Amino acid sequence: MVGHKSAFMLENANPLIFQRSGARLLTSSDEDEDVHDPIDDREIFDILYLHLIRSINDPEHPLSLEELNVVEQDRVQVNDADSTVGIEFTPTIPHCSMATLIGLSIKVKLLRSLPHRFKIDVHITPGTHASEDAVNKQLADKERVAAALENSQLLEVVNQCLSTKSP
Amino acid sequence: MKDALVLVERFNAHPDSRCWHVAWNPTATLLASCGGDRAIRIWGKEGDSWKCLSVLQDGHQRTVRRVAWSPCGTYLASASFDATTCIWKKKNDDFECLTTLEGHENEVKCVTWAPSGNLLATCSRDKSVWVWEVDEEDEYECVTVINSHTQDVKHVVWHPTLELLASASYDNNICVYKEEDDDWECKATLEGHTSTVWSLTFDPSGQRMASCSDDRTVKIWKCQNIEGPGDMSWKCVCTLSGFHGRTVYDIAWCRLTGALVTACGDDGVRVFKEDLAADPDQPVFSLAAHVSKAHSQDVNCVAWNPKEAGLLASCSDNGEIALWRYQEDHE
Amino acid sequence: MAADSALLVSLVEEFVSGLQDSKANDTATGVQAKQFTILQLVEALGPSLTSTTPHTRARGVQLLSQVIQQCYGDLSESEVEVLIAFYENRLKDHYVITPFVLQGLKALTKRSLLPTGSAVSMLRSLFQDVHVQSLMLAERASVYNMLLNLMESREAELKGLGADFVFGFVQSMDGERDPRNLVLAFQIAKNIIHRGYELGKFAEELFEVTSCYFPVDFSPPPNDPHGITQEMLILSLRAVLTGTPRFAEFLLPLIIEKLDSDIQSAKIDSLQTLTACMSTYEHKDLAEFLSGLWTSIRREVFQTASERVESAGLAAVTALTSCLSRSILSSDSEDSLKTFLDVVLKDCQHHLCEPDLKLVWPSAKLLQAASSASYRASHIVAAVVIPGLVEQYNSRTQCAHRRTILEVMQGFIHTVKNTSQSADDGESVLLAHRDALCAVVFSALSENSSDLQVTSMRVLSALGQQTGLLSESDVERAVDHLNRLILEEDDSSVSVSVIVCAESLSRLHPTAFITKMVPTLKQEIFSESMVQGEDGTPSNESSQHAVRQRCVSALAAVSTQPSVVQESAPVLLEVLSSAHTGSGGFSVEEVVAVCFSLQRIADQTLDSEETGRFFYDIIIPRLLTLTLQAALQGEGSSGHRSPLVEEAVLSAMVGVISTACAKLQPELAGKMASRVVSLFLEDDVSFLSDDSLPPHIQLLKQGESWSRSQMVCLLMACVCSLPRNVEVPQVERLMEQLEELSITCSHVLSYTSAAKCYAGLVNKRPAGESLNALIQRSTRRVSSELDSPASPQRTQAFTLLLWLAKGLLLRYHPLSTALTDKLFSLLGDPELGPLAGDCFSLLMSDSADVLNRGCHADVRIMYRQRFFTENSAKLLQGFNSAASDTKSSYLKALSHLVSSLPKEVQLTELPALLSLLLEALSCPDQGVQLSTLSCLEPVLMEPPPALIQQLEALVTRLLALTCSSTMTVRIASLRCLHAMSRFPEHEVIPLRARVLQALAKPLDDKKRLVRSEAVLARAEWFLLGSPGGR
């Protein structure tokens, strides 16, 4: 399901680079006990961006994914009331073999981070990957995802992506 | 919707894990469940409520995806992501693991007994369906490996009376197999779903089959020449769309009432009833009862009690099993 | 003497043949006591030294060397001469003797005086007769130490050896493997290079023998007792390799080679070494390698994912460029700097222009690194890059691209600033590009995108910080934009940026802010639509409120210069007047915001005499007048109640007055004190700008109205903030009245402020009899109130006790103990117990308005630790013997005390208190829970064994607290659980499933801040014991 990591590393020699964005500003209502803060797009984006995308990198690869806009806030759709989350992620180049791993890591990160009531859909941004449909179908199949996470080699790779490493 | 589904009981069957499947034994005295905790649990009614009678723990190294009772009720087969199928034998109140069937390359997704009890079918992510023969000494032998699907095979089911097998797959298709000249062959490929087909069920007469899919629909298929030789001709006679909000994971046709029930990834359980006045070639099904939050997470499986009409078990990703009573026209 | 010589012979005998090692010490004592001389010892050793058995000879030499080690300083020059000759001779002897010979020689080299020529002869023998690398580790160390000793004392002599010394050393260290010895050897090599020893033809050999360790790859064994770190070796080797340009031809190719390494630390070491040698090299040393170096550095910066490699690479570019910048231009030679920068520009500039901005950041950073090296470099780079960027900006349509270009521009302006400051004429490199840059900034400011607005304001600030880059009309135009953004832009990131930008521009360009911003903001604050407010829809009102808030904070932000304060502060005062009279529709929050702005102004400008006088003459009197008017008006009239009697407003005003008085010039401060004291004691209103005030206002008399008595907080703000050397007039009388008010008044703010004011004054009173008498009098009074359960004034007495205790505790006053003991005893008081428990938080924390260092209070360092050490036992004892219904007060006190301690102290004290703290976690009081959690969290980072034993209890309590009704408790307990995921794996694995299950609930907490802590903690627990996790 996932190619060897280093196979991806130098495929994308000239990626588009973006500057890192700032942290969410705290507002007074964030600290008000009585205000209910709905789970929103930015919150999900931050979970992925701060705790996942930043960690997926490799010493051999020139740039970290955070600079590559793999996940963008406007490709996150949350509906707290309906308990749904939709994410579109953008593999950096159309035939990037890491797409499934990135997608799986996003899915696992959200499964671990969101209340169980949420239905989580992870897709590739339309038109950005050669085998978009195949990857989307794999990510949507919870039986395959469950089996993948019982595969210790794969789980190890995913966990490494999910480990918060200090720079 | 005049009918209703009434919750009878709800219990946590696989704590901290998901419950993938529940199965009634033929006499409906026991319920077997399995899940992500690698365990199989056997439940029985004590007084007014269902209690765990035993836990079968050491058979599998990974998730147990499916359990199936033999028609005699003495044996229990379990299919696991660890690529094996275990056969358990009931001895008094205990179960012992008789044998482990190996051969699939990776996750076994489903196991099912033929009505005769002499044949067993399994399917796997390795795209194959295996048929096993059982002899009097409880020895199992693989009689055939069929590779008709191009992707994972999610489900296999036997015809209620004939030696006829159907399978559903990630390749969006359903295949139907028969034995011919000592060999099992695919006699029909049912195309129509636009995504993974998760489950199949035959109607009580065996003339029709219902399938459910990731495309959020249920389809009813009918065969004209089921007993004849040669290729079969199955036709989709009805599609139920617009009812389900997400993937439909399981479907079951009640042998006693003819009602059809589905388990859905939108947490709902739905019962459909057939309008008996309609043209048999254009059957009409209507939603008779619907519990939208039957569980707090995906519903993975639904199973009609084989003895008590209307009693239904369901299980969910949250590890729970729920029992429901389907009451027709309860006015 | 005969007896002594017999003694000596027997000592020698016992050491050499009897193998009694302790006799060496006895012998040394004998020499030091002059019972016998060292030469007599040599004589007595005669038979041993001439023995045919090498081991006996070795034993003899060992005794001699051990004695010399202890008394090398007491020897005469002639004795030393003999000993050196003896040892040199022994170097040729059997190898078992060599270690002791070296030991002796090393001891002798520690002497500051050595016979002339002895160093040379010693080294010649050493280099000739000893193969250092076949010695044991300790002997090799002896050799290096000898060399180091001699380099300190006999430098000239050693240099006389010429290149032979270097050659001898090179041979000695060739092949050294031990890190401790390498540190010594590198030190010798460094001395050779830095102290001008002749390298002769051995430069390359010296380089070879040291550079073979580069880059250093050493990880000390666990529990290494020697304390040698990789960093030590790296730095000492680097000092050798970069010490002389003679190594350039060898070092630079080596660096290029090592930059190709796969190991990140090797890359970083190489880059840092390169940076280090640039300070000693000249252009000619590196000319040949320049293009290779640049290619390698550029590759690293473009490709690396590591910020450390990137910053090391950038530093190297700066160092290279600055080395080239030092080369002197002559008309016939080529301009090496220009040539180099042309290459850099050629390789980087095009990335700034590519349509999709690939590699824009690494390129920009490289160019900025080069341009920051010197004035001339920044000139050359700016001349190419800035016009290019301006053109790029104008040709782009995508907002994200434009923002990126602005950010790059900002980077350049920033680097240029530093080089311009060091240039002789101080003229900015960017002067030529001024108009183009301003045009870009103004165009971006007018865009509809908050991203562009924020970024362009940063560029604007950067431009504004360099003289000459913004013309007067540019600044005015900028102010117009800022005004517009303040009034119209709701986006919070924009609002923050406007304030920051306005503040920075106002420092250098106050005039435009006086003429254009202050009037505009004033008009907006008092505008009709604001005043009418009532018929506006709620959303309108709240947005108008937000606009006002922004205007008020902007007024403070731009008040960076006295000239602006003269204009801005009156506007703020006018708001207070309007609020007081009820016109203008100002809310309490708005009035508070105005006070905060005044406080900010005081904080940022009171260093100037001019502003000091302004506060003294105008602002403080005005504040006092308005509050006094409000207080007087508040009585009787039942209509409009002035917001200036509200506690929130008064507290904010305390901030203004206290900040101002703490910073006033001493003379003005003294005058201020006497004005305020005479106002409060003698009803002297002469300095207030209101003739209509009644004659007898009697502010400190309780029984008058609360609106008057609460003004005592303003008295506190003034007299308690003054520098300690400023005399408070009539202080005795003042304190008497304060004590009276604090005990007898029934209005909370009044009696509390009186107590605080009293404590603030006590804290600064000079020590002595009169202070002691004062304290004792108050203590008696407080105690008598507290000891009579029926007294209606127990709470007041308790408040005074608390503040007085704090005031004295801070300065370590001996009489504080009696007061704090009283507080401890009150923990068991059924009525005041809970209050007493809470008060320890106040006692241990900094107060915002009094008794802090900002208002010149006498605060000794570490008073908290001291108090804890002296009292924790009392507290434990009190807890153990307390009745069950008062135990929670003790727990409160304990958790407050522990949480105020520095982390290191907590760690050592914690094991003893652990079970008590766990109990405190179950205490229903949220304050106790919170302070206990906050002192547990750091301890959990490195859990003591005592904690591990209580794991079960700890987890159970923490999990329960994740469902607390208070969000801060939920957050703190989640942080603790997060920290627990780092415990030793085998200890916490059994808890994993349970914790994961329980943490699913806070993932759905209604507060986002709680959820994000839960996400972090749960993620770590998932990784625990999972492949690839931890």
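Predicted model: local features only at pLDDT ≥ 70, side-chain atom pairs only at ≥ 80, totals over all residues.
Chain A has 167 residues, of which 40% count as buried. Its secondary structure consists of six helices and three strands. Along the sequence these elements follow the pattern α-α-β-β-α-β-α-α-α. Among the contacts in chain A with a separation of 6 or more, 70% join residues 24 or more positions apart.

Confidence should be kept in mind when reading this chain. The mean pLDDT of chain A is 75, and 69% of the residues score at least 70. The lowest confidence in chain A belongs to helix 1 (residues 5-9), with a mean of 30, while the highest belongs to helix 5 (residues 142-148), at 95. Residues 1-21 of chain A have a pLDDT below 50, and in the model this stretch makes 44 contacts beyond near neighbours in sequence. Residues 58-63 of chain A are also below 50, with 16 contacts beyond near neighbours in sequence.

D41(A) lies in helix 2 of chain A, which covers residues 41-53. Is D41(A) buried or partly exposed? With 17 other C-beta atoms within 10 Å, D41(A) is partly exposed, because a residue needs 20 or more such atoms to count as buried. Leaving aside residues up to four places away in sequence, D41(A) touches Q73(A), V76(A), Q77(A) and V78(A). N79(A) is 38 residues from D41(A) along the chain, and the C-alpha atoms of the two are separated by 8.4 Å.

Chain A also meets chain B. Eight residues of chain A are in contact with 11 residues of chain B. On the chain B side, these comprise six polar, four charged and one nonpolar residue.

Within chain B, four strands form an open sheet in the order 2-3-4-5, with antiparallel pairing. Which strands stand at the edges? They are strand 2 (19-24) and strand 5 (49-56) of chain B; each has a single partner strand, so one side of each has no neighbour in the sheet. From one strand to the next, the twist averages 25°.

Strand 2 of chain B pairs with strand 3 of chain B in the antiparallel sense, over five bridges. In this pairing A23(B) stands opposite A32(B) of strand 3. The two strands form a hairpin with five residues between them, where A28(B) takes a positive phi near 65°. Although strand 2 of chain B stands at an edge of the sheet, six of its six residues are buried, so strand 2 is largely enclosed by the rest of the structure.

The next pairing in the sheet joins strand 3 (residues 30-35) of chain B to strand 4 (residues 40-46) of chain B, again antiparallel and over five bridges. Here A32(B) stands opposite I42(B) in strand 4. A32(B) therefore has A23(B) opposite it in strand 2 as well as I42(B) in strand 4 of chain B.

Chain C is represented here by helix 3, residues 38-49. The buried residues of helix 3 (residues 38-49) of chain C are I38(C), L41(C), A44(C), L45(C), S48(C) and L49(C). Around the helix axis they cover an arc of only 155°, which means that they lie on the same side of helix 3 of chain C.

Notes. Residues numbered from 1 in each chain as written. Chains lettered and ligands numbered in written order. pLDDT = per-residue confidence, 0-100. Contact = placed C-beta atoms within 7 Å. Buried ≥ 20, exposed ≤ 12 C-beta atoms within 10 Å, placed from the backbone. Arc of directions from axis to C-beta. Pairing = 2+ DSSP bridges. Axes fitted to C-alpha atoms, helices over the stretch in contact; angles between N-to-C directions. Nonpolar A, V, L, I, M, F, W, Y, C, P; charged D, E, K, R; others polar.
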